[in-house]
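Grab a pencil and have a go at these exercises before peeking at the solutions. Everything you need is in the model shown here.

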Amino acid sequence: MWAEAANWLAKFPEAVVTAVDAEGYPVSVRQTAPRYDAETGQMSVTWPAGIAVAEGPASVLCHSHDEKVWNIKAMQIKGRLERRAGDWVFISTAFTAPPGMLITFWRLSRTGRAAARRYLDKRGLTAPAVNWDAINELQRRARNSRS
Amino acid sequence: MPSPAVEVVVKYRTCEFTTLSRDGSPQTWPVGALLLEDGRFLLCTTIGLPQKAFNIRRNAKVGLLFSEPTGSGVTEPGAVLIKGDATAEDRVVSDMMADPNLAAFMQTWFARQPAGAFMSSWLGRRLLPFYYWRILIYVTPRRAVFWPTRDFTSVPQTLDLSELHRVG
């Protein structure tokens, strides 16, 4: 059942595991070469001393980008963090394979428009006009700062 | 000269930003974040992807992990984990120069992600007209720790939050 999640996870050298601490704050640590069981959807987690964490809802995020913050790839598994025999274990509960870049843009175009419309309508706002001159100016400054 | 921990939060291109959903589940996204002079962080999201803001308005507790050094130029990369309290502004900002901190954030982001200019191209404006309708998110750090070597199995060092109050 978790083979697809395992295949996706294997594309990344590291994974970020996030859970919640006793004060209710989310806390994250990276796992190098994560060992994920494709049969059970479970993954042992090395949690460092000094970062308190509690059993409960958790997630695994893998992401990457290139030197110019492009070619972005990301995947996420939802689950729980549990303590078993003195070790921490992530237990998967849901995974949806991420679509490709083009499909992501296409979906974002549709779902983002709908979400933005709901956001504005709920607050009685009209679609604000974007100051494109400001964006062009900030992009010009950014280009100059790179050169 | 910033400390190695401050260099991480200033130079890393993205951080893993976590908010808590209605049922208490952590939701983590890779995002850009700008350290402000007063020690807070500025992030933003489009109202086309408002879930971060909705989560923050229900539960202000958030986490920021700076752990991905790609593109940062940091030669001895460490990692910083910050627990903080966030606010998501009510206003929708469509003028990226209306707020000096937002202008600094956007200029930094444009410099780091040149291909992101697509979002303001003819096609980008038509595909994602909501992209520059922004909600500003401010995070006030409450506790922070630092791993000098990205060895996450080691005990991290406690980071004095006053280190984050950097001189602009």
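Predicted model: local features only at pLDDT ≥ 70, side-chain atom pairs only at ≥ 80, totals over all residues.

**Exercise 1.** Work out which residues of α3(A) are buried, and how they sit around the axis.

*Solution.* Start with the helix itself: α3 of chain A runs over residues 132–146. Its 15 residues reach 21 Å from first C-alpha to last, close to the 21 Å expected at 1.5 Å a residue. Next, pick out residues under 20% relative accessible area: that gives A:Ala134, A:Ile135, A:Leu138, A:Gln139 and A:Ala142. These cover an arc of only 135 degrees around the axis, so they lie on the same side of α3(A). Remember that an α-helix has 3.6 residues a turn, so residues three or four places apart point the same way.

**Exercise 2.** Find what caps the N-terminal end of α3(A), then look for a helix of chain B that helps cover its buried residues.

*Solution.* Go to A:Asn131: one of its side-chain oxygens lies 3.2 Å from the backbone nitrogen of A:Asp133, and that's the cap.

**Exercise 3.** Describe the interface of chain A and chain B by area, residues and salt bridges.

*Solution.* Area goes first: the two chains bury about 5,500 Å² between them, with 66% of it on carbon and sulfur atoms. In chain A, the residues losing the most area to chain B are A:Tyr25, A:Arg30 and A:Tyr119, together 12% of what that side buries. Then count residues in the contact: 58 from chain A and 70 from chain B. Finally, charges: there are 5 salt bridges across the interface. In the one between A:Asp21 and B:Lys83, the closest N and O atoms are 2.5 Å apart.

Technical notes: Residues numbered from 1 in each chain as written. Chains lettered and ligands numbered in written order. Heavy atoms only, no water. Helix = DSSP H or I, 4+ residues; strand = E, 2+ residues; numbered from the N terminus. Expected span 1.5 Å × (residues − 1). Buried < 20%, exposed > 50% of the residue type's maximum accessible area, 1.4 Å probe, protein only. Arc of directions from axis to C-beta. Contact = heavy atoms within 4.5 Å. Polar contact = N/O pair within 3.5 Å; in protein donor to acceptor, adjacent residues only side chain to side chain. Buried area = accessible area lost by both parts, 1.4 Å probe. Salt bridge = Lys/Arg side-chain N within 4 Å of Asp/Glu carboxyl O.
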